[in-house]
Amino acid sequence: MEVVQSHRKSSSNNVIVSTLPLYRSAPPLEVRLEDFELFAMDRLRVLKGISDGLGRGKKPEEMEKLIAYLWKANMRHPHANEEANKDIISHFVLRLVYCRTEELRKWFLSMETTLFRYRFRFESSEAQRALMSEFKLPYKAVSNAEFESVKDKLGQVARSMGQTLAAADAIFYKVPFEEVPELVAGRRVFIHKGHAYVAMNQVVSLVVTQFRSYLSKALILTNRKWTSTVREQEKDRLAPIVEALCTSYLGPDYSQPNEVGEISLKDIYQIAKTSFPLCMRHLFEKVREDHHLKHGGRMQLGLFLKGVGLKLDDALAFWKAEFAPKVSAERFDKEYAYNIRHNYGREGKRTDYTPYSCQKIISSTPGVGDHHGCPYRHFSEENLRAALVRMGVSSRAVEDVMDKVRNRHYQLACTLTFEAVHGSSCDAGINHPNQYFIDSQRILQSKNGSVA
Amino acid sequence: MTKEEAESGRDDMVIDGAEQANAVPDGFDANYLRIYYGKLFPHADMFKWMSYGNDGKHPACDRSYFGRREFSFTLENDIYIRFQSFNSVTELENSIKEKCPFKIDIGPVYSVDPAKRHAYAQGGDNVFTPVERELVFDIDITDYDDVRYCCTGADVCLECWPLMTIAIKVIDTALRDDFGFNHILWVYSGRRGVHCWVCDGKARRLTNEQRAAIADYFRVYKGNENSHKKISLPGPVLHPFLARSYTEVLKGFFEAKLLPNQNLLSCQERYEKILEMIPDASVASELRGRWQENKRASMSKDDINLVRWEQLKSVLQSGKQKTQGLRRCVEEVVFSFTYPRLDMEVSKHMNHLLKAPFCVHPKTGRVCVPIDPNNCDEFDPTTVPTLSQLLEELNRGGVREDAENELDGTSLGESVKFFRTSFLQPLLKSCKEEIERSYNAKLQQSKNTLSW
C-alpha cells in the first residue's frame with residue numbers, strides 16, 4: 001500500500017512532498033463516526049460551490065478565486081496533519097456516496113477533477129514536477145535540436161492562443177497525442193506524426209487527464225464493492241449516512257414527473273406560451289413551423305416534455321401530428337416512434353432518460369439545421385433580442401439580460417428573463433428547464449388558482 | 001461476340017438478340033443483389049480486412065477476433081437486425097448470400113462474441129463492451145446546403161462534388177501528417193458523401209474521449225441559422241493545421257472554383273450572405289453600395305465574382321483596418337464555405353455503426369467504392385458503377401472459369417484491385433508485424449521475470 005501521509009516534511013533527505021494527495025488508496029486511518037459525516041459535508045460544500053460556479057459560466061480566474069475561498073472556508077484545520085487527513089477522508093467518503101449511479105459518478109468526477117486541476121495550478125513548479133512523476137506519464141522532454149526544428153510551429157500555436165512562446169529555456173514535452181485529448185480538441189498544441197508538443201504550463205492537462213481516468217475507474221470499483229458487500233455490512237451504521245448525503249445536496253431529480261402531475265396534449269400549446277423557458281419555446285415554435293426537428297432538438301424538447309408530465313401516448317401523438325405535413329404516419333412509425341419510446345424507457349436497455357439540465361444544454365454544440373442548445377449562448381445578439389421581445393420582456397430588462405449574456409452568465413440571463421416575464425423574483429436561479437417550468441406554473445397557479 | 005467487339009461496335013451495331021439479353025434495366029432489388037453478392041462482392045477481402053491479421057497461423061493470432069465484430073444487416077422491407085457475428089469467411093459469405101441485405105453496417109469489435117452478449121450484460125468483471133473500432137468520419141454534402149446553389153438535398157453534381165474532394169484533402173493530410181496514421185480508407189457513400197476509415201491499431205484502440213478530441217480538433221464550423229457568424233477564427237495567427245489547410249487547399253479552391261462556379265457574389269441575395277459575416281457594419285455598407293451601383297454597369301471581361309472578391313479583400317486587408325477581426329474575416333469567409341463539415345456524432349462513439357464499403361446504395365444503385373485520396377480530384381460520382389451496369393457487364397462477359405476473372409471483367413474490378421493493393425496489403429503487412437512484435441515483447445518479458 002502506498003504511504004498516504006501528505007504534508008510538508010522538513011526531513012533530512014530534503015524531499016519536497018506535495019500537499020496535494022492523489023487519493024490512490026484508502027487511508028489506514030481511524031475515523032470517528034461524526035467526522036465521517038461532517039468531513040464529507042464540508043467537502044460537499046466545496047464541490048457544490050464549484051458546480052454552481054461552473055453553471056454560472058465563471059471564467060478561469062474567477063473559478064480560481066472561488067475555489068481558493070471554498071477550500072479555505074470549509075476544509076482548513078489548524079493542524080496541517082489533520083487537514084491532510086480531512087482532505088483524504090472526505091474524498092473517500094464521498095466516493096461511497098457518489099458511486100451509485102452513472103449520473104452521480106459523472107457529477108462527482110467532474111467536480112473532483114475541476115478541484116484537482118485548480119489545486120494543481122496553485123502548486124509550485126517543483127511540486128508539480130514531483131506530481132507528474134508520480135503519475136508515470138509517458139512524456140519526454142524535447143531536446144534542443146528538436147526544439148529548434150519545430151520552434152516556428154510552436155510559436156505559431158502559442159500566438160494562435162494569444163500567447164507568446166516563452167524565452168529560449170522554454171520546456172516542452174513530447175507525448176503521444178492520445179494522452180492530451182483536451183489540448184488536441186482545443187487545438188492548443190502542435191501535433192506532428194502522432195506526437196503532441198506540450199508546453200510546461202499545459203502539463204496540468206496531462207496530469208488532470210490521468211487523475212480523471214484513475215478516479216473514473218476507481219468509482220466503478222467502489223460501486224461494485226459497495227453493492228456487493230459493504231452496503232449490507234454497514235446497513236445500520238454507514239449506509240444511512242451515505243444515503244442521506246446523496247439526496248441532500250444534489251437537488252431534485254427531474255426524471256420522475258411526480259411534482260407536476262400530468263399534462264394533457266391540449267394543455268401543451270397553452271403552457272408553452274406561458275411557462276416554457278426560451279430554449280424550449282424556440283424548439284417548440286420551430287417544430288410547429290418546420291414540421292420537423294433534428295435529433296438534438298427532438299431529444300432536448302422531448303425529454304423536457306416528459307419531465308413536464310406529457311405521457312408517452314400523448315408525446316407520440318404530438319410529434320406525429322406536428323410532423324404530419326412532412327412525414328407520413330407510416331414513415332413516422334418506422335423512423336421516429338422508436339426513439340420516442342426509447343426516451344420513455346420502453347425500448348432497448350430501458351433507461352428512463354432524464355431531461356437535460358442547463359449545464360448540459362449550454363455545453364451542447366448545435367450545428368447546421370439544429371435548433372437545440374441554449375439561446376443565450378448560441379443565438380446571435382440580434383436573434384436573441386428579437387426572441388426576448390416576442391416573449392414579452394421589456395426593453396430595459398432585455399438590456400440587463402444581454403449584459404449577462406455578454407459576460408457569459410447564461411443561466412443568470414435566463415433567470416432575469418424569468419423574473420421579467422413573471423414579475424417576481426427567482427432567488428434560487430435557473431439550473432434546469434423543468435425547474436423553470438415548475439416555478440412558472442407555481443406562480444401562475446397562485447395568481448389564477450388554476451392551470452394557466 | 002467478345003466483350004471488346006461488343007463495346008466498340010455498340011453504337012453502330014444492330015441490336016440483336018444477344019445484345020438485348022445482356023441489357024439490364026436500371027434498378028435495385030433483391031434479385032440484382034443476389035447476383036451481386038454471389039459474384040462480385042469481395043467477401044474474402046472484407047474478411048481479411050476485418051481480421052487484421054488474426055486469421056493467420058502465428059501463435060499470437062487471436063482466433064476469436066473476427067467473431068467478436070458486430071455487423072448489422074438491413075433487409076428488404078426495412079427489417080433491421082443487429083449484433084450479427086461470424087466465425088469465418090464462409091459464415092460471413094453464406095449469411096450475406098442467404099439474407100441478401102440491402103445494407104451492411106460494420107460495428108465495433110466487442111469484448112465477447114455479440115451473439116453471446118446476454119450472458120454478460122451488467123456488472124461483474126466480464127462486461128459486454130466495445131474494445132476496438134476504426135476511427136471513422138462521415139462527410140455528407142447536405143451539410144453544405146447553405147453554401148451550394150446548384151443542388152439541394154440528396155442531389156450532387158460535378159459543381160458541388162469538389163467540396164467533398166477538398167474535405168478529403170484537408171482531413172487526409174491531417175490524419176497522416178498531424179496524427180501519424182497510415183492505414184486510411186476513403187469510400188464513396190453511394191449518393192452524396194464520403195466515409196473515412198482509419199484502421200491503424202492505435203486508431204482502433206482509441207477511447208470515446210480521444211475520438212471526440214480528434215473530432216473537435218477538426219471542428220471549425222459551429223453555427224446554424226440562429227447565429228450569424230458560423231466560423232470564428234480568433235487569435236492573431238491560425239493554428240498550423242488551419243493555416244496549412246487554408247494555403248494548400250481551401251484558398252485556391254475557393255477563389256478558382258467555388259466563387260465563380262456558384263456565383264457567390266453575383267447577385268444581392270447571395271452577396272448579402274457574405275456581407276453578413278463582416279463584423280463591421282460600415283465596411284459592409286461600403287461594399288454593398290459599390291456593388292449595388294455596379295449592378296447594371298458593364299463589367300470588364302473578368303468574372304464579376306472574382307472582381308468583387310478582390311475588392312472585398314483589399315478593403316478588409318488594407319492597412320487602414322485596425323481591428324484584427326476584420327483582417328481575419330477573409331479567411332473566415334473562405335473557411336465557412338469550404339472547410340470540411342464532419343458529423344461529430346459518427347466519430348465520437350465506438351459503438352456507432354457505419355455502412356460497409358462495396359455495399360450498393362438502394363436509392364442510386366451505385367456501389368460504395370474506395371476513393372484514392374492522392375487522386376481524389378479525378379473521382380467522379382456520376383460515373384461510379386451501378387448495380388444494373390455491373391450485371392450487364394457480367395452478362396456480356398459470358399461464362400468465366402473462375403470468380404476472380406468475373407470480377408475483373410467488370411468496372412468493379414479496378415476498385416477492388418485498388419482496395420487490395422493500396423490499402424489492404426500494406427495494412428495486413430503492418431498487422432502481421434505488430435502481432436509478431438508484441439508476441440516477441442511478451443516472450444522477452446516473461447524470460448526476464450523468470451531469470452533468477
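The questions below concern a sheet, a domain boundary and a chain interface in a predicted model.

Local features here need pLDDT of at least 70 and side-chain atom pairs count only at pLDDT 80 or more, while totals for chains, interfaces and linings use all residues. Residues are numbered from 1 along each chain as its sequence is written, chains are lettered from A and ligands numbered from 1 in the order in which they are written, and side-chain values use heavy atoms, with hydrogens and water left out.

Q: In what order do the four strands of the open sheet of chain B lie?
A: Strands are DSSP runs of E of at least two residues, helices are runs of H or I of at least four, both numbered from the N terminus, and two strands pair if DSSP finds at least two bridges between them. Strands S6 (residues 184–188) and S7 (residues 193–198) of chain B pair in the antiparallel sense over five bridges, whereas S5 (135–140) and S9 (370–371) of chain B are edge strands, each pairing on one side only. The order in chain B is therefore S5-S7-S6-S9.

Q: Which helix of chain B packs on the sheet?
A: The helix touches S5, S6, S7 and S9 of chain B, where contact means heavy atoms within 4.5 Å. The packing element is helix H6 (residues 162–178) of chain B.

Q: Which element gives the most residues to the side of domain 1 of chain B that touches domain 2 of chain B?
A: Domain 1 of chain B covers 3–218 + 342–442 and domain 2 covers 240–338, with bounds that come from an automatic or database domain assignment. The elements that give two or more residues to this side of domain 1 are H6 and helix H8 (208–218) of chain B. With nine residues, the most is given by H6(B).

Q: Which residue of chain B forms a salt bridge with B:Arg244?
A: A salt bridge is a side-chain nitrogen of Lys or Arg within 4 Å of a carboxyl oxygen of Asp or Glu, and one is counted between domain 1 and domain 2 of chain B. With the closest N and O atoms 2.9 Å apart, the partner of B:Arg244 is B:Asp178.

Q: How much area do chain A and chain B bury between them?
A: Buried area is the accessible area (1.4 Å probe) that two parts lose on being put together, summed over both. In this interface 36 residues of chain A are in contact with 40 residues of chain B. Carbon and sulfur atoms carry 54% of the buried area, which is about 3,000 Å².

Methods:
Axes are lines fitted to C-alpha atoms, for helices over the stretch in contact, and angles run from 0 to 180 degrees between N-to-C directions.
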